[in-house]
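Subject: Structure for your files

Hello,

Here is the structure I said I would pass on.

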Amino acid sequence: MTFEQCCQPRGIERMYIAPGKPDQNAFIERCNRTYRNDGLDAYLFESIGQVQRLTNGWLTVYNNERPHESLGCVPPLMFMSRQTSGASSYPLST
């Protein structure tokens, strides 16, 4: 089954970012910029395997350790667990 075949019966409309309009999806553009700056632009690679290893490590740090200002200065996985536990997403001011 293709992705399109999965979407159609469920009434899911696929939407595309217009050419030359990356601001239509600012979240992924921010992530892409951070990945380029932190990873791809910092190294010279000799193989795809090296890129994959760097990317896997970067994703682990980005999602588990790196605080995100837009999420109340916590990593995404901590933010998500707060959402499911019912706890406040943002630290209380003292």
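What pattern does the chain follow when read along the sequence? It runs α-α-α-α. Please keep in mind that this is a predicted model. The count for the chain is four helices and zero strands.

On burial, 16% of the 94 residues in the chain count as buried. The chain exposes about 7700 Å², and 56% of that area is supplied by carbon and sulfur atoms. I also looked at contacts between residues at least 6 apart in sequence: 11% of them join residues at least 24 apart.

Next, the charged side chains. In general, side chains of opposite charge can pair when their charged atoms come close. How many salt bridges does a search of the whole structure find? The search finds one. Its partners are Arg 14 and Glu 4, with the closest N and O atoms 2.4 Å apart. The cut-off for such a pair is 4 Å, so the 2.4 Å between Arg 14 and Glu 4 falls within it.

As for where the partners sit, Glu 4 belongs to helix 1 (3-7), while Arg 14 is in the loop between helix 1 and helix 2 (26-38). The pair therefore ties together parts that are ten residues apart in sequence.

Regards

Terms used. Residues are numbered from 1 along each chain as its sequence is written. This is a predicted model: local features need pLDDT of at least 70, side-chain atom pairs count only at pLDDT 80 or more; totals for chains, interfaces and linings use all residues. Side-chain values use heavy atoms; hydrogens and water are left out. Helices (H or I, at least four residues) and strands (E, at least two) are DSSP runs, numbered from the N terminus. Buried means under 20% relative accessible area, exposed over 50%, partly exposed in between (1.4 Å probe, protein chains only). Contact means heavy atoms within 4.5 Å. Accessible areas come from the Shrake-Rupley method with a 1.4 Å probe; for residues, only the protein chains shown count as cover. A salt bridge is a side-chain nitrogen of Lys or Arg within 4 Å of a carboxyl oxygen of Asp or Glu.
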